[in-house]
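Thanks, everyone. I will keep this short and stay with the side chains.

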Amino acid sequence: MLLLGDGAAVNLLIVAIPAVLAVYFAARRAGRRPRAWTLVWGALGLALLTVPALRDAEWPSFLAVVTAVAAGSLALHGGRSWPAVLLGPIGVLNAVVTGPAWAWQGLRSLSGGARERLGPVLRALGVAAVLVLVFGALFAGADAAFADLLGALVPDTSVADGPWRVLLFALGLVGALAAARTAAAPVHWDQVEVPEGRARGRVEWALPLIVLIVLFAVFNAVQLAVLFGGYDAVLQKTGQTYAEYARQGFWQLLLATLLTLLVIVLALRWAPRTRSGDRTLVRSVLGTLCALTLVVVASAVRRMDMYVEAYGLTRLRISVLAVELWLGLVIVFILAAGVWGARWLPRAVAASAAAGVLVFGLVSPDELIAERNVQRYEDTGRFDLDYARGLSADAVPALDKLAEPLRSCVLRDLAADLDERDAPWYATSRGEAEARRILDKRPLSVEVDTAECARFRDEVMYR
């Protein structure tokens, strides 16, 4: 109630602690004990909540919070099957309705014997609160430094914020009770049975895949020929520019990777299962298709690298590149599952997705974008000033390396936005704090005006 409402940073981690404690004691009272994967999901969920505390950019922070909720649902439910991994969050949503009623029934059943124990505790807390308020006010009035420290630590609330704070408290309480209810009585999604598809004959199943494999092999051979033969001959033959060749290829290859995963899923559903050699056939055909798909992934990554060299790095480009790399990792997992079995595959895919989101947030994508575009400016003299202005405070350390007047033109909007913010310490990210420190150490040039920035923008954009 006190820490949320002013922004998202380390306060998310702080308010997660009561929910984690509620989950632990509720599960323990119900006879459940944490297993290895429970600790993995819980650790991933808490680690993902560090992203808003470190990064000022909202888009990786939002993705990290959503993924943290998904990882938390897996920690509550457990399970190792695809239904358990995909349907876990539904059980938490159901507990949002049943959690408060469950807690009320528990309080009523415990109220008789707990009154004698609860009374002294409540009285002690009340006396402690009065003492802290009285002596804290006296010490704050006696020493200005202590008053500043107290004002920085204590959340700033007002009567006008009362309804909003009460709503936050209600949401937090319901969320904690839902997590505790789920931990005490989770839905066993592993018991959900997915019916197998009707097995097809070898020819009906394998022939389309073999044709697809041949197509993949021909495409990969062309890619290797282009790689070793150089791009100049291809560009001269097709009439495309270097940038057009890169832009045209990546999106199609990304879609091809996604469709290949869909083909593998459908092929496994209809795979032949009647003869002893069926497993060998499935492994051979799908293993070959996965191996060729990895070459397509590598080609897509190379195309994106060419695209970035020509046009610069953006949020969309770094995001889809990260997705393509993760899809490549999933294909590697599928290859491994064909050798060692697929029982571990659902949890490995989910854990890799959560870990990927965590790494994506920790590496600070806005700062990477700024660094790459600053390097591109130093190499080519071209720079998208308008796009750089829209980056978050995480990009300030990289943009600070620009020479004047470009530095002041790029950072002017960011500095103005930071001046308008008045978030308390618990709602301020490390990226924002670092940006303030840099701008305080090296203030922007007051001699650079809007007209000069507009002229300079056109110069570096189209030279």
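I will go through the salt bridges, and then one arginine on its own.

This is a predicted model, in which local features need pLDDT of at least 70 and side-chain atom pairs count only at pLDDT 80 or more, while totals for chains, interfaces and linings use all residues. Residues are numbered from 1 along each chain as its sequence is written, and side-chain values use heavy atoms, with hydrogens and water left out.

A search of the whole structure gives 14 salt bridges, a salt bridge being a side-chain nitrogen of Lys or Arg within 4 Å of a carboxyl oxygen of Asp or Glu. One of them joins Arg 421 and Asp 56, at 2.7 Å from N to O. Arg 421 sits in the loop between helix H17 (406-420) and helix H18 (430-441), and Asp 56 in the loop between helix H3 (50-54) and helix H4 (58-77), so this pair ties together parts that are 365 residues apart in sequence. Helices here are DSSP runs of H or I, at least four residues, numbered from the N terminus.

Is Asp 56 buried or exposed? Asp 56 counts as buried, at 14% relative accessibility, whereas Arg 421 is partly exposed at 27%. The cut-offs are under 20% relative accessible area for buried, over 50% for exposed, and partly exposed in between, with a 1.4 Å probe and protein chains only. Both residues belong to a network of salt bridges that links Asp 56, Asp 417, Arg 421, Glu 432 and Arg 436.

Next, two pairs within helices. In helix H18, Glu 434 and Arg 437 are three residues apart, about one turn of the helix, and their closest N and O atoms are 2.6 Å apart in a salt bridge. Glu 434 is partly exposed at 26%, and Arg 437 is partly exposed at 43%. In helix H15 (residues 385-389), Asp 386 and Arg 389 have that spacing too, three residues, with a salt bridge at 3.6 Å. Asp 386 is partly exposed at 40%, as is Arg 389 at 23%.

Last, Arg 202, in helix H8 (residues 202-229), partly exposed with a relative accessible area of 32%. Which side chain does Arg 202 meet in a polar contact of 2.8 Å? That of Asp 278. A polar contact is a pair of N or O atoms within 3.5 Å; within protein, one must be able to donate a hydrogen and the other to accept it, and residues adjacent in sequence count only if both atoms are side-chain atoms. Beyond four places in sequence, Arg 202 has contacts (heavy atoms within 4.5 Å) including Pro 272, Arg 275 and Leu 281.
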